[in-house]
Amino acid sequence: TSSSCQQQVGSSLITLHQEASDLQHSFIASLIEPFAQQLTTMINTAMIAIKSAKHAGTKTSLARAIKQVSFRCLSSSTTVAEETNMPSPSGSLYFWGTPNKGTIPTKEALESGKGVDESGGSLVNLERFTSSSVIDYPAVIDLQEAFGIDDQNVTVREVACGPTSTAVILSDNTAFTFGKNANGQLGHGHRKDVLIPTLLNPPDSTPLRYNEISKIKLGANFTAIIDTNGNLYTCGYNGSTLADGVGCLGHGYFPEEYLDSPKLVESLIEDGCSVDQVAVGNAHMVVLTTEGEILTAGSAQWGRIGNLETGDQLFLEPVEILASETDIGQIDCGKDYTLALTKNDGIIFSWGKNEKGQCGTGSGLSVEMYAMEPIPVPIEGMLEGRKVVKVSAGHTHAAALTDKGELFIWGMAMNHQPELISDLAHTEIVDVKCGKGYTIALDRDGKIYTLGSSTAGCLGLEKQKKAVVATPVDGVMNKKVTFVDAGWNHVACLTENTDDA
């Protein structure tokens, strides 16, 4: 078994290391230690992969997991010289919010997941743990237990918190996805909820390799993935003409409503387009190419594709009114709307549904239920004359940062145009993420603040469900936060290793 193998190998290596030290062969001893650490990491990775495959419940999944482990072990092998020059370990990963369907890899869920076998044993207990009570205070995650990494050779690069699922991308360009999977949106070849972190290991039928994942964007119904070559893949629910519209996956017409494994968007290859960024809403997708062109696909309802079209777009097509804007630097999607930010002038364009003022144009004040912006419109108001450097689109509200570190928020039927968060006026904010009814802001010193309301525990302020002013999150007060992301009902952040002991 993996555990007995680990014990035997570990024991042999320790003995050899001690003998070398006793003989004062310090050079030999120093060589053995990195290999012992690397081998332990490889075995832990194998155990995680096999556990994930057992949860998937098929022999094919198990075979793919074993194949993936062998490739990962080979790719992680480095020379002793490379080992001694490895970067310092990353810090800690924290989550808080509501762990529905396993979106937060809690200790209880991971322990219960060990008992899940191919016949579904202990699955009821696992579902109970992954839909447990609210976690309203930052909880640190055991990276080795959750992802099979020891924080030395492989580290967490970023986390994507989606509406109902989570993706964790590692420094070796592998990824884990977990959470709700009723539409096959997590890319594991099935449509069962993924209750524990599971390695994303695409089948041989797709060009996407498990260790070539650059970015992941999670929607409520589908997922978009960019690989290290700039190619785009999508999976999940393509929509319905009887509901919210079709075409969000960007593959044109195909009879299946669902794709449960990532599929290459071939039209971009044919057009010679390389993808820099992708953003997803409930039923539409937006792409920013490396040439600065914005493309959209999916439902035309509420002006989501930005072209005054009444018919859904099955393929990615240019947003015509933005054709002259070749310096777009960032895109983001909320539930039914989109933001695009120019690099040079820092101007935000918005389009889509605007019944809560989420487009920031003020027009939602006149007709609420049916308000929309069918084509991209620049957001002005208090942002006029200021240079915006970053935007974030939440469920029905959005935020922007200026080059002066100022934070503006609008939407949620409260502010139909950007409003300055004055209680942070003397704090330089460097990042912001919007969830469902709440906002997370990160300052220059690595401190995070929450603002808004959440019954799901997303404020991270223990029992406090509403924050009318930006409030520091005490649970990571003594850490330096370097990355944060917000889903509809959960939050994740990464901290530096200093003071993380």
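Here is a short chat about a sheet, a cysteine and the confidence of this predicted model.

Residues are numbered from 1 along each chain as its sequence is written, and side-chain values use heavy atoms, with hydrogens and water left out. Since this is a predicted model, local features need pLDDT of at least 70 and side-chain atom pairs count only at pLDDT 80 or more, while totals for chains, interfaces and linings use all residues.

Colleague: Which strands stand at the edges of the open sheet?

Modeller: Four strands line up as E2-E1-E30-E29, with antiparallel pairing. Strands here are DSSP runs (E, at least two residues), numbered from the N terminus, and two of them pair if DSSP finds at least two bridges between them. One side of each edge strand has no neighbour in the sheet, so we want those with a single partner: E2 (135-140) and E29 (481-486).

Colleague: Is Cys-458 buried or exposed?

Modeller: Cys-458 sits in the loop between strands E27 and E28. Buried means under 20% relative accessible area, exposed over 50%, and partly exposed in between, using a 1.4 Å probe and protein chains only. Cys-458 has 0%, so the word is buried.

Colleague: What separates the C-alpha atoms of Cys-458 and Trp-96?

Modeller: Along the chain, these two are 362 residues apart.

Colleague: What pLDDT does the protein average?

Modeller: pLDDT is the predictor's confidence in each residue, from 0 to 100. It stays under 50 over residues 23-34, but 76% of the residues score at least 70. The protein's average is 84.

How values were computed: Contact = heavy atoms within 4.5 Å.
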